Amino acid sequence: MDIEYLLLLQGVRESFGGWLTTLVELVTKIPTSPLSALIPGILFWCVSRRAGLFLLAVMSFGRLINSLVKDIFCVYRPWILDPNVHPAHKAMAKASSYSFPSGHTQFTAAIYGGLAYFYRRKFPWLIIPCALIILLVALSRNFLGVHTPQDVLFAILEMTVLIILADKIFDAVERDRRLGVAVFAVGTIFTAAAAFYMLTKNYPVDYLYGKIIVTPETARLDSIDSIGVTVGFLLGWALEWRFVNFSLNVDRATKIRRVIIGCAVGGAAMALLLVLKKLAGAAVYEFCKGFMPLFAVIFLAPLAFTFVERKFRFRRLH
């Protein structure tokens with residue numbers, strides 16, 4: 001049934017020509033767009049620390065869980081399962097490692113699903129556009145032929161469970177901040193255990209036309225990226241809580257300045273990643289690719305803008 005569905009979408013894609021594929025490829029880029037990256041950052045810096053951390057936690061641990069599930073089941077891509085499936089070339093070129101569950105769908109469900117859930121009472125109207133974005137990205141992965149329906153449906157399901165669980169954990173920590181240490185410890189242990197499993201697992205080595213379908217090195221590199229994401233969240237959260245702990249009780253001009261500084265810090269982090277891509281090994285680069293964005297958003301950006309704000313107040317008073 002799943003392959004028949006993909007072949008049906010493939011027929012639609014091929015009958016409409018390249019313009020529809022190009023349009024759907026734009027939709028599938030939503031989770032990696034600047035908007036998706038800025039939403040949790042702006043919330044954290046300027047609107048609600050809890051909302052921002054909530055989205056970042058769901059996004060980071062969701063990424064790790066998604067990679068863990070991929071590496072447990074090691075399900076091959078649709079065109080490997082059935083040679084009649086011919087995915088869009090650009091999407092196929094970027095589809096690394098295993099298929100189940102969908103990483104694009106997971107990330108979209110984490111950000112937009114988490115946003116809708118967090119503000120479901122205050123802004124219930126957000127549910128409709130956020131749900132639409134999630135469904136469009138999920139459908140785009142099927143339409144481009146790089147994921148089966150179960151890949152995207154499970155990604156949505158796992159993020160739904162994680163969002164509800166994370167909300168309960170944040171409620172508990174808000175009632176008793178001392179629980180934050182326990183949550184940090186459990187998160188660290190889970191990350192370490194997942195990392196050990198994914199990096200030491202004996203991955204299947206199957207051949208197609210004389211080539212390994214997914215090399216163990218490719219699977220491990222994908223895993224290292226997800227480990228970096230979670231470590232970036234945990235370390236950034238701990239350092240910000242201990243050394244920065246900024247306040248949201250600031251005026252609009254200060255909030256705008258925070259966004260500008262945060263974007264500058266993020267840009268510097270991306271520039272550093274480009275340097276690392278040329279100079280460092282693949283494993284180091286993959287870890288930093290996951291680590292740096294989260295660490296920059298949670299710790300480096302708040303550290304930078306609180307430094308500027310303190311200097312600004314000092315000059316104003318003297």
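Visitor: What makes the contact between Lys 289 and Glu 286 a salt bridge?
Guide: In this predicted model, the side chains of Lys 289 and Glu 286 come to 3.2 Å, N to O. The rule asks for a Lys or Arg nitrogen within 4 Å of a carboxyl oxygen of Asp or Glu, so the pair qualifies.

Visitor: Where do Lys 289 and Glu 286 lie?
Guide: Both are in helix α13, residues 282-317. They are three residues apart, about one turn of the helix.

Visitor: Why is Glu 286 called buried, and Lys 289 partly exposed?
Guide: Glu 286 has a relative accessible area of 14%, and buried means under 20%, so the word applies to Glu 286. Lys 289 has 33%.

Visitor: How many salt bridges does the rule give?
Guide: The count comes to eight. One of them joins Asp 167 and Arg 50, whose closest N and O atoms are 3.2 Å apart. Asp 167 lies in helix α9 (residues 149-175) and Arg 50 in helix α4, so this pair ties together parts 117 residues apart in sequence.

Visitor: Are Asp 167 and Arg 50 buried or exposed?
Guide: Asp 167 has a relative accessible area of 10% and Arg 50 has 18%. Both values fall under 20%, so both residues count as buried.

Visitor: Which residues are linked with Arg 50 in a network of salt bridges?
Guide: The network links Arg 50 with Asp 167, Asp 171 and Glu 174.

Visitor: How do you know that Arg 178 and Asp 176 form a salt bridge?
Guide: Their side chains meet at 3.0 Å, N to O, and the limit is 4 Å, so the pair is counted. Arg 178 is exposed at 68% relative accessible area, because the threshold is over 50%. Asp 176, at 24%, is partly exposed.

Visitor: Why are α3 and α4 called roughly antiparallel?
Guide: Helix α3 (residues 34-47) and helix α4 (residues 49-73) pack at an angle of about 155°, with axes 6 Å apart. Angles over 145 degrees count as roughly antiparallel, so α3 takes that label relative to α4. The crossing of α3 past α4 is left-handed.

Visitor: Which residues of α3 and α4 meet?
Guide: From α3 there are Ile 39, Pro 40, Leu 43, Phe 44 and Val 47. From α4 there are Arg 49, Ala 51, Gly 52, Leu 53, Leu 55 and Leu 56. By class, this contact has nine nonpolar residues, one polar and one charged.

Visitor: What makes the peptide bond between Phe 100 and Pro 101 worth a remark?
Guide: That bond is cis, with omega about -5°. Most peptide bonds are trans. Pro 101 sits in the loop between α6 (89-94) and α7 (103-118).

Visitor: What is noted about the phi of Cys 74 and of Tyr 209?
Guide: Phi is positive at Cys 74, about 50°, and at Tyr 209, about 55°. Neither is a glycine. Most residues other than glycine have a negative phi. Cys 74 is in the loop between α4 and α5 (78-81), while Tyr 209 is in the loop between β1 (207-208) and β2 (211-212).

Visitor: Are Cys 74 and Tyr 209 buried or exposed?
Guide: Cys 74, at 12% relative accessibility, is under 20% and therefore buried. Tyr 209, at 76%, is over 50% and therefore exposed.

Definitions and conventions
Residues numbered from 1 in each chain as written. Predicted model: local features only at pLDDT ≥ 70, side-chain atom pairs only at ≥ 80, totals over all residues. Heavy atoms only, no water. Axes fitted to C-alpha atoms, helices over the stretch in contact; angles between N-to-C directions. Helix = DSSP H or I, 4+ residues; strand = E, 2+ residues; numbered from the N terminus. Parallel < 35°, antiparallel > 145°, perpendicular 65-115°, else oblique. Left-handed = near helix turned anticlockwise from the far one by under 90°. Contact = heavy atoms within 4.5 Å. Nonpolar A, V, L, I, M, F, W, Y, C, P; charged D, E, K, R; others polar. Buried < 20%, exposed > 50% of the residue type's maximum accessible area, 1.4 Å probe, protein only.
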